[in-house]
Amino acid sequence: MCEIFGLSAKKPVEINAWLTELYSHSVRFPNGWGLAVMDGDEVNIEKEPVQAVSSVYLKNRLSQPIVTSRALAHIRHAVPESMQYCNCHPFTKKEISGRRWTIAHNGAIFEFAPLEAYKELQNGITDTERILMYLVDRMNQAEAAAGRRLDAEERFAMLDEMVCAMSEGNRLNILIFDGKYMYAHTNKKDDLFYRQTEDYTVVATKPLDDQIWQPVPFTTLMAFKDGITVFTGTNHGKEFIETEEHLRILGFR
């Protein structure tokens with residue numbers, strides 16, 4: 001599958017140590033890496049469909065300090081037919097209003113009918129890209145109906161409803177940014193952890209340093225702003241338990 005990383009901080013911090021540890025795990029997840037650094041409604045995304053520890057570009061990138069208050073990162077284990085640049089995470093897309101959403105996902109959507117329409121529209125073949133397109137369309141529709149941008153509580157309520165619906169029968173370990181807020185969700189046990197201080201919250205598939213990390217609240221969407229927990233969603237209880245059949249569908253068996 002994959003591993004993901006996210007940072008929400010009150011002020012910029014250097015993230016090289018966390019990234020170096022994350023990308024070292026690409027020995028097991030060799031099929032691509034990505035990094036998104038956010039600044040409001042703008043984002044700089046760098047990614048390659050190659051193993052992170054083999055990337056000369058990434059080695060040079062990490063040789064200089066990467067200092068930011070909002071970031072996403074990702075490493076992939078993919079089936080052969082999806083090992084292209086267009087399938088590497090993170091993905092990003094703007095609403096009509098200009099708000100930008102950025103997403104990284106360690107999971108799989110086995111069945112969720114609203115995503116099917118995006119298969120003919122997306123650039124790659126990942127369900128993650130389809131989730132992003134669906135999310136942005138939903139936000140555009142809601143804002144058009146309201147005649148204004150949705151506020152933070154309204155956006156969270158919409159995301160909470162979408163996450164609850166998508167979690168049924170699917171593995172949804174996901175990090176999303178909307179420019180200011182970082183959203184985190186997991187429905188597979190021991191698959192997403194976080195460390196929170198007075199200055200930042202960092203989230204990752206596995207702890208990335210020797211400090212104390214806690215599991216992200218299970219089957220519950222969380223939202224962070226400037227490193228602080230600001231919203232907690234519905235505990236939908238839809239735990240994903242992986243089976244041999246899931247792995248066969250994904251092409252890993």
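1. A helix here is a DSSP run of H or I with at least four residues, and a strand is a run of E with at least two, numbered from the N terminus. These names are used throughout the note. The model is a predicted one.

2. Rolling a probe the size of a water molecule over the atoms shows where empty space is left. The count comes to 1 cavity of 30 Å³ or more. The volume of the largest cavity is about 40 Å³.

3. Which element gives the most to the lining of the largest cavity? That is α4, with 4 residues. Helix α4 spans 152-166. At least two lining residues each come from α3, from α4 and from β7 (174-177). The residues lining the largest cavity are I131, L135, L159, M162, V163, M166, L172, I174 and I176.

4. Now turn to R130. Helix α3, residues 127-146, holds this arginine. R130 is buried, yet it has no salt bridge. The nearest side chain of opposite charge belongs to D127, 5.0 Å away.

5. What lies around R130? A polar atom of the R130 side chain is 3.4 Å from the backbone oxygen of T126. Setting aside neighbours within four places in sequence, R130 is in contact with L115, Y118, K119, Q122 and I125.

6. Some backbone angles deserve a look. Most residues other than glycine have a negative phi, and most peptide bonds are trans. The peptide bond from H89 to P90 is cis, with omega near -5°. P90 sits in the loop between β4 (67-76) and β5 (91-94).

7. T219 is not a glycine, but its phi is positive, about 50°. Its place is the loop between β11 (214-215) and β12 (222-225). Is T219 buried or exposed? T219 is buried, with a relative accessible area of 3%.

8. D226 also calls for a check. Its phi is near 55°, a positive value in a residue other than glycine. D226 is found in the loop between β12 and β13 (228-232). The relative accessible area of D226 is 27%, so this residue is partly exposed.

How values were computed. Residues numbered from 1 in each chain as written. Predicted model: local features only at pLDDT ≥ 70, side-chain atom pairs only at ≥ 80, totals over all residues. Heavy atoms only, no water. Buried < 20%, exposed > 50% of the residue type's maximum accessible area, 1.4 Å probe, protein only. Lys, Arg positive; Asp, Glu negative; His and termini not counted. Salt bridge = Lys/Arg side-chain N within 4 Å of Asp/Glu carboxyl O. Polar contact = N/O pair within 3.5 Å; in protein donor to acceptor, adjacent residues only side chain to side chain. Contact = heavy atoms within 4.5 Å. 1 Å grid on protein atoms, 1.4 Å probe; cavity = no way out; pocket = protein on both sides within 12 Å on 5 of 7 lines; lining within 4 Å. Points joined across faces, edges and corners; volume = space filled by probe spheres on them.
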